[in-house]
Amino acid sequence: MHTDRLTGLGFLVFSALLWFVVIPNQTEGPEEAFVPRLAVLVIAIPALIMLLRTPGKQLPATFEPALFLRVSVPTIALFLVYLISISYIGFFIPSFVFLLCSLLLFGERRKKVFLFTPLVCLGGIYVIIVHFLQFTLPRGILF
Amino acid sequence: MFESLMTALGMVLDWQNFFWSLFGVTFGIIVGAIPGLSDTMAIVLLLPFTYYLGPIPSIAMLMGLSKGGNFGGSIPAILFNIPGTPQAMITTFDGYPLAKQGKSGKALKTALFASVTADTASDLVLIFLAAPVAMVALRIGPPEYSMILFFSLIIISLAASGSPCRGLISTGIGLLLATVGCDPETGTLRFNFGFIELADGISIMPMAIGLLAFSEVLLQAERWYKERNRNRTEAVRLSRPGTDDDRLTPAEMKLCLPTIARSTLIGSFVGIVPGIGTTVGAYLSYIWSRKKSPYPEKFGNGALEGIAASEAGNNAVNGPNLVPLLTLGIPGNLAAALILGGFMIKGLVPGPQFMESNAPMLYALFAVLLISNLYTLIVGGIFVHYARKLTNIPKTVLFSCVMLFSFLGSYVNNSSLFDVAVMFVFGLVGYLFSKLRLSLPTMIVAFFLGSLLEHKIRQSLTISRGDWTIFIDRPIACCFFVLTVFITLFYIVRLTRGRKAARP
C-alpha cells in the first residue's frame, strides 16, 4: 500500500477511536467536547482525502528498520534506563554512566572524548545549576 | 507616551539585559554554527532557564538566541556546504563556491553584514507597525479574534508544510493536545487519563524539548550513522587574514546594499504573514535578486549579492514575525512560538491588550532587539575567525550532550520526573512525526493557539447565545472567513493541477 494511503488510513482509525471512545469517556458535555471534536475533524478530513485520492509519486522511504534497530532503539532503551535509574540512584552517577554509554553507542572510540565529555558536561552542570543557580537535582541513594 | 519611554529606558539600562542578550547571541551563534543544531534548538534548550531571570532579561536572551542562531547557521553553510539551520540552505548556493575560491572571510562577512542590516531594518518595521496593528486589534471582539486565529491556523497548515493534508493533520493534533487539562469554562478535567500532573495541561517546556531536541537526536543519529562512511565535503581553503579575500570592502558593501534593501522588503512582507517562514523569505529574495542583477550568471558561482540576498531575506523575517505575536498573540513561526512560551513563563500574555497595559515593557523589548543586533555584529565579527574549530565538535559528543540537556531542561521546569517522562514521550512523537512527514512546527503553533481559539469561540457563542452566524455577521470576522475559504480553495486548485501535471 502507498505510504500516503497507509498514513491516511492510520489517522482515520485514530480519529474514529478519538471520536467514539476517547472523547465520550474523557469529557462531560457537548460544550467541553466541541473543540476536541473540531480537532478530530481537522485530522479526519485530510486523512480521508489521503486515503481516497490517487497517490502521487512514491517518495523515498523515511523509515529504515535496520537503522531504527541499530541506532534509535538502543538510544531510547538507554534513555529509559537512565530515567528510571535517576529516580533511585540520583543525578550524577547515572548521568556519568549514561554519557559514557551514549558515546559508545554513537560509535565514539577516542579515550580523550570519553574522559573529557562527562567531566566537562557534569562539572559544568554542577557549577552552573547546583552551585550558581542553587537548583536541586534529583537525589537518590548515591548523591 | 513620554512617561512610558522614560520607564522603558530605566528598564533597558540594567546590566542584566545587556549580559543575557550577549549570552543569548553568543550561544545562538555557536549552536547555529553546529550543523544539525538550529536556532530553535538553542531557544528550546535555554528556555527553561528563563525561570531564573526577570521578564526583560529572559526575552533579551531568547531574542539574542534567535538572532545569533540565524546568523550562526550561515557559517557551516559557507565553510562546509552544510546549512547550520534550514534557512541557511540558500546561502550555500553562493557562500560555498566563494569559500572554495579562498574567499571564506569575505563570504562570512557579507553574510554578517547582510544579516545585521536586514535584521535591524526589519526590527524598525516591527517598531513602526506594532502600534497601528495593536490599535486595530484592540477594537476586535471574540468572533473576529476567533476568525483571525482560524485564518492563521489554516495559513500555517497549508503553507508551512509541503503537503496541505499533512499540515492539517498536524494542526488537528496540536489543537487536540491543547485541550488536555482543565476545561477553560467549567473547570472539569479532560483527557488527563488519571494523571493529576496533566490537570494544568501539557507543560510547554518538556513538550517542546521532546519534539525539537530529543527527537532530533534520534533522527540525526540515524542519518549520521548512515552517512559517516561516505565521502566528506571538500574542505575549503580559508582566506588569509588581512588580505582582500578576507574582508568586505566599502565598494562591495555598496554593491550589496540594493540587494539587501530589496530582500529586506520581501523578507518583511513574508514575516508578517504567519507560517510562511524564513526559508521562503530567503528563497524569494534570492530569486528576485538574481532576476534583477545585471550579472545573473554569477549567481550560484560565488556572487556576493547571492549571499546578501539569502541572508537579508531570512533575517528580515524576524522582526515582522513578531507583529502578529505581540499584537494578536499569534506566533508566526516556530521561533516566535517558543518566544511566546518565554512570555507565558513570565506571566505575560501578548495580544491586543499587551501594548496598552505593558507599553514600557514593549518599548524595552524593541530596544533589546536593537541591542541584540549590535551584539550579533560584534560577536559574529569575532566568531567568524574561530568558527571552523567550533563547528568541528564531534557529533557523538553533541548527541550525548543534547540528550543530557533535554533531561535537565525538562526537569528544571517543575523539578518533576513526570515532566522528563513527558519530554521522552514527545521525543518519540516527534520522531514518528518526522517519519510520517508531518509538520512539527505546525503542530507546536497549533498547540499554542488551541486554548486561545477554544476560549474565543466559546466566548463568541456565549455572546450570541449559541448562534453560529456571529462568525460571519461582523465585517472583520466575515472578511477573515472569506479569506480563509479563498486561500483553502486556492491551495486545493493548485494541488489538483500539480498532481495532474505530475501524472504520466
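In chain B, helix α3(B) passes α4(B) in a right-handed crossing (the near helix is turned clockwise from the far one by less than a right angle). Helices here are DSSP runs of H or I, at least four residues, numbered from the N terminus. This is a predicted model, in which local features need pLDDT of at least 70, side-chain atom pairs count only at pLDDT 80 or more, and totals for chains, interfaces and linings use all residues. Residues are numbered from 1 along each chain as its sequence is written, while chains are lettered from A and ligands numbered from 1 in the order in which they are written.

Stay with α3 (residues 39-46) and α4 (residues 55-72) of chain B. Their axes come within 8 Å and cross at roughly 155 degrees. Axes are lines fitted to C-alpha atoms over the stretch in contact, and angles run from 0 to 180 degrees between N-to-C directions. The two helices are therefore roughly antiparallel (angles over 145 degrees).

Now turn to chain A. Helix α1 (residues 3-26) has a kink of about 40 degrees, centred on A:L18. The bend is the angle between axes fitted to the seven residues ending at a residue and the seven starting there. A:L18 is also buried, as are A:D4 and A:F11, among others (20 or more other C-beta atoms, placed from the backbone, within 10 Å of its own). The buried residues of α1(A) pack against α2 (30-52) of chain A together with α9 (164-178) of chain B.

Finally, take the two chains together. 45 residues of chain A are in contact with 43 residues of chain B (C-beta atoms, placed from the backbone, within 7 Å). On chain A's side, α2(A) gives the most, with 12 residues.

Note on methods: Buried ≥ 20, exposed ≤ 12 C-beta atoms within 10 Å, placed from the backbone. Contact = placed C-beta atoms within 7 Å. Parallel < 35°, antiparallel > 145°, perpendicular 65-115°, else oblique.
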